[in-house]
Amino acid sequence: GSGKTFSITGGTDCYADRGIIPRALSMLFNEFKRRSDFSYQAHVSYLEIYNDTGYDLLDPTVEAQSKALEDLPRVTLQEDEDGTI
């Protein structure tokens, strides 16, 4: 492959090999900790787009054993009247 999954999630052998998602989450939570004079609330979504269809990879209603794409909830994009997604 071209390394897309490795770039996003990273490797499991070495902390330095972590990908974009773990690095971004680490940065956010470090900033939350550093700026304790504010109150924060974080919401996380993790989607996979395959053949122009989005799938929610973190949906809590799907059992962990059943992680085939076709078993996951589909996510649709919606545009408003200005064409904004």
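**Contacts and strands**

Colleague: By about how much of the helix are Arg34 and Glu31 separated in helix H2?
Modeller: Arg34 and Glu31 both belong to helix H2 (helices, H or I, of at least four residues and strands, E, of at least two are DSSP runs, numbered from the N terminus). They lie three residues apart, so their separation is about one helical turn.

Colleague: Before we go on, what kind of model is this?
Modeller: Residues are numbered from 1 along each chain as its sequence is written, and side-chain values use heavy atoms, leaving out hydrogens and water. Local features need pLDDT of at least 70, side-chain atom pairs count only at pLDDT 80 or more, and totals for chains, interfaces and linings use all residues, as the model is predicted.

Colleague: Good to know! What is the N to O distance where the side chains of Arg34 and Glu31 meet?
Modeller: The structure holds one salt bridge (a side-chain nitrogen of Lys or Arg within 4 Å of a carboxyl oxygen of Asp or Glu). Arg34 and Glu31 form a salt bridge, and their N to O distance is 2.7 Å.

Colleague: Does Arg34 count as buried or exposed, and what is its relative accessibility?
Modeller: Buried means under 20% relative accessible area, exposed over 50% and partly exposed in between, with a 1.4 Å probe and protein chains only. Glu31 has 30% and therefore counts as partly exposed. Arg34 counts as exposed, because its relative accessibility is 60%.

Colleague: On to the rings: what is the angle between the planes of Phe29 and Phe32?
Modeller: There are three aromatic pairs in the structure (ring centres of Phe, Tyr or Trp, its six-membered ring, within 6.5 Å; planes under 30 degrees apart are stacked, over 60 edge-to-face, the rest tilted). Phe29 and Phe32 sit three residues apart in helix H2 (residues 20-34), about one turn of the helix. Their pair is edge-to-face, with centres 5.3 Å apart and an angle between the planes of 80 degrees.

Colleague: And what sort of pair do Phe32 and Tyr40 make?
Modeller: Tyr40 is partly exposed, with 35% relative accessibility. The ring centres of Phe32 and Tyr40 lie 4.3 Å apart. Because the planes stand at 20 degrees, the pair is stacked.

Colleague: Which residue in E3 is the bridge partner of Tyr55?
Modeller: E1 and E2 are joined antiparallel by four bridges, and Tyr55 in E2 stands opposite Glu48. E2 and E3 also run antiparallel, joined by two bridges. In E3, the bridge partner of Tyr55 is Arg74.

Colleague: Last one: which residue in the turn of the E1 and E2 hairpin has a positive phi?
Modeller: Two residues lie between E1 and E2 in this hairpin. With a phi of about 50 degrees, the residue you want is Asn51.

How values were computed:
Two strands pair if DSSP finds at least two bridges between them.
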